[in-house]
Amino acid sequence: GPQSSLAIFNPYLDHASMAGLERVLSINGQLRSQWNNFGGGPVTQYLGANMPVYAWKGSIGADLYSYSAGNLRTNQLRFSYNYITGFMGGLASGGMRLGINQIRLDGSNIITPDGAYEDNIIQHNDPVLTAGFMNIVGINWEISGACSNNNITAALSFADLVAPNQNLGKAKYRFDRTLYGMFRYDYALTEEITLMPNVAFRTNL
């Protein structure tokens, strides 16, 4: 999935359980384009929001992102709910996120070693690839937990632990089973300045 070097400022991106822990409406956006001098470089567009809903004893959130690299594009719309309760002088949160994804592969921009590409005719001579667009729509999901107090914030999330294969033309596509984690310590130097050293990781299972 898309990477973000500023994930510390939007922990909801990787952790549904972080929604609403700031006790305000939070809206985040991102537009990132890499390797602009090369065709097909990675491009990420993101817009997300989350907020506490005290009547439901938790928070809700939603985000939409589009990520493309080369000839492959992924569009995803996700919704989440997390339950929040008091815990050891702070807050504990547990939640789940459900998403709908669309994956699109442009076969017309692929060149294979045995293909024939003359007179505007695309013939890959490949048993899997087609010369047009290949689209699939699927579902992915996440379970997440977090805790936070005045100084420490930690979260752990599991995404797509059961990820079925999806047909992309004659090919198969599957989201990786992924584990996300983060730990942050907030140290107030002054009333205006706070240091936020943090560690975050993402790994396939």
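**View 1. Arg97 and Glu142 meet in a salt bridge, their closest N and O atoms being 2.8 Å apart.** A salt bridge here is a side-chain nitrogen of Lys or Arg within 4 Å of a carboxyl oxygen of Asp or Glu. The pair links distant parts of the chain, with Arg97 in strand E5 (residues 90-106) and Glu142 in strand E8 (residues 133-148), 45 residues apart. Strands are DSSP runs (E, at least two residues), numbered from the N terminus. Arg97 counts as buried because its relative accessibility is 2%, and Glu142 is buried with a relative accessible area of 4%. Buried means under 20% relative accessible area, exposed over 50%, and partly exposed in between (1.4 Å probe, protein chains only). The model is predicted: local features need pLDDT of at least 70, side-chain atom pairs count only at pLDDT 80 or more, and totals for chains, interfaces and linings use all residues. Residues are numbered from 1 along each chain as its sequence is written, and side-chain values use heavy atoms, with hydrogens and water left out.

**View 2. Asp63 and Arg97 are joined by a salt bridge with an N to O distance of 3.7 Å.** This pair also links distant parts of the chain: Asp63 belongs to strand E3 and Arg97 to strand E5, 34 residues apart. Both Asp63 and Arg97 are buried. In total, the structure holds 5 salt bridges.

**View 3. Asp14 forms a salt bridge with Arg202, with the closest N and O atoms 3.3 Å apart.** Asp14 lies in the segment before E1 and Arg202 in strand E15, so the pair ties together parts that are 188 residues apart in sequence. Side chains of opposite charge can pair when their charged atoms come close.

**View 4. Nine strands, listed as 9 in the order E1-E2-E3-E4-E5-E8-E9-E12-E15, form an open sheet with antiparallel pairing.** Two strands pair if DSSP finds at least two bridges between them. Strand E1 (26-33) and strand E15 (198-204) are the edge strands, each pairing on one side only. On average, neighbouring strands of this sheet are turned by 10° against each other, direction ignored. Such angles are taken between N-to-C directions of axes, which are lines fitted to C-alpha atoms (for helices over the stretch in contact), and run from 0 to 180 degrees.

**View 5. Strand E2 (residues 43-53) and E3 run antiparallel and are joined by 11 bridges.** Thr44 stands opposite Tyr67 in E3. The hairpin of E2 and E3 has 4 residues between the strands, and Lys57 takes a positive phi near 55° there.

**View 6. Strand E3 (residues 58-69) pairs with strand E4 (residues 72-87) in the antiparallel sense over 12 bridges.** Ala62 is placed opposite Phe79 in E4, and Ser68 has Arg73 of E4 as its bridge partner. The two strands E3 and E4 form a hairpin with 2 residues between them, and Gly70 in the turn has a positive phi of about 65°.

**View 7. A nonpolar surface patch comprises Leu25, Ile27, Leu47, Met51, Trp56, Ile60, Tyr81 and Tyr83.** Together these residues have about 800 Å² of accessible area, computed by the Shrake-Rupley method with a 1.4 Å probe, where for residues only the protein chains shown count as cover. Patches are made of residues with over 30% relative accessible area and no salt bridge: like charges are joined within 9 Å, and nonpolar side chains (Val, Leu, Ile, Met, Phe, Trp, Tyr) within 5 Å. E2 and E4 each supply at least two residues of the patch. Ile27 is located in strand E1 and is exposed, with a relative accessible area of 56%.

**View 8. Leu156 is found in strand E9 (residues 152-159).** This residue is partly exposed, with a relative accessible area of 39%. Leu156 touches His15, Ile143, Ser144, Gly145, Leu179, Tyr180, Gly181 and Phe201, not counting residues up to four places away in sequence; contact means heavy atoms within 4.5 Å. The C-alpha atoms of Leu156 and Ala16 are separated by 9.6 Å, although the two residues are 140 residues apart along the chain.
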